[in-house]
Every structure is written in structure tokens, then in C-alpha cells.
Amino acid sequence: MTDITLSGRCLCGTATYTVTGNFLRFLQCHCERCRRASGTGHASNIILNPASIEWHSGESSIRRYKVPEAARFTTVFCTNCGGPVARGIGDMVVVPAGSLDSPPDVAPEAHIFWDSRAPWSCESGDLPAFAEYPTA
Ligand SMILES: [Zn+2]
Ligand SMILES: [Zn+2]
């Protein structure tokens with residue numbers, strides 16, 4: 001496993017953070033929940049496990065929303081601008097790649113929930129596309 005440190009912030013800059021942990025996956029998720037949460041064709045999520053978030057500012061301004069019927073699906077966002085920020089789920093942290101201050105040293109590995117994608121979504125390019133969760 002690779003130890004990485006990522007820093008990011010919300011749209012307005014109220015919430016700033018650093019995430020440190022073991023890189024697990026970098027996935028483009030096309031599931032309906034990610035689409036609704038982001039308003040875009042897919043979420044670009046970097047997953048670290050185990051990992052921890054250090055908040056540098058704005059921790060009191062962030063809010064969590066867990067989809068009631070979901071096992072784990074939670075969004076965390078700034079209450080001032082609505083921008084998504086890193087979210088801890090157990091000892092795993094999911095980092096919205098678009099919130100990062102600089103490009104990470106890791107690249108997307110796959111598209112997931114490909115069968116749920118919107119018809120107007122971008123093409124998968126050279127990356128593997130899994131119908132739901134990755135099988136490899
Ligand atoms: Zn904000
Ligand atoms: Zn998703």
C-alpha cells in the first residue's frame with residue numbers, strides 16, 4: 001500500500017483539510033446517488049483506508065447527510081457553499097478528487113456503476129468499466 005497525503009478545500013475555502021492514509025482506490029462512480037450528490041455525470045472519488053482527516057479550518061461549518069436507506073452512502077459538504085469535502089466512513093476516507101488543491105500522484109483506475117450511468121455521460125476511455133462494484 002502507498003501512503004499518500006492530500007489537501008483540499010470546499011468551493012468558498014471555509015473548510016480546508018489534509019487527508020493522510022493508505023491509497024486504496026481512485027474510482028469514477030456513475031451511481032445514481034453520486035450523480036445526484038454531485039449534479040454531474042459521475043463522482044471522482046479517491047479512497048484511502050485506513051486514513052484520517054486533519055481539519056485546518058471550517059470543521060464547524062461542515063455537515064453530513066447520510067441517505068437514510070443506504071448502508072453507508074454519506075455526503076459531507078460546507079454549509080456556506082455546498083461544496084463537497086472529504087468524508088470519513090469508519091477508518092476509511094473518501095476524498096472528492098475535485099476538491100484537491102493539486103493533482104494527486106494517483107490516477108483513476110476504473111469506472112464503476114457503469115450500468116447506472118446517464119445516457120449523456122462521458123465515455124469510459126481506456127479505463128475498465130464495471131457494471132456495479134469493481135470485481136478486481
Ligand atoms: Zn465552503
Ligand atoms: Zn457512486
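These questions and answers concern a predicted model.

Student: Which residues touch the most other members of the largest nonpolar core?

Tutor: The largest nonpolar core has 18 residues. In soluble globular proteins, nonpolar side chains tend to be buried together. Within this core, the residues that touch the most other members are Val19, Val85, Ala86, Val93 and Val95.

Student: Which strand supplies the largest share of this core?

Tutor: At least two residues of the core come from each of strand E2 (16–29), strand E3 (43–57), strand E5 (74–78) and strand E7 (92–96). The largest share is four residues, and the strand that supplies it is E3.

Student: Which residues does Val85 touch, not counting those up to four places away in sequence?

Tutor: Val85 belongs to the largest nonpolar core. With residues up to four places away in sequence left out, Val85 touches Gly8, Cys10, Ala15, Tyr17, Ile62, Val76, Phe77, Cys78 and Ser99.

Student: Which residue does a cis peptide bond join to Asn49?

Tutor: The omega of this bond is about -5 degrees.

Student: Is Phe113 buried or exposed?

Tutor: Phe113 is in the segment after strand E8 (110–112). It has a positive phi of about 50 degrees, although it is not a glycine. A residue counts as buried if 20 or more other C-beta atoms lie within 10 Å of its own. Phe113 has 23 within that distance, so Phe113 is buried.

Conventions
Residues numbered from 1 in each chain as written. Chains lettered and ligands numbered in written order. Predicted model: local features only at pLDDT ≥ 70, side-chain atom pairs only at ≥ 80, totals over all residues. Core = buried A, V, L, I, M, F, W, Y, C linked by C-beta atoms within 7 Å. Buried ≥ 20, exposed ≤ 12 C-beta atoms within 10 Å, placed from the backbone. Contact = placed C-beta atoms within 7 Å.
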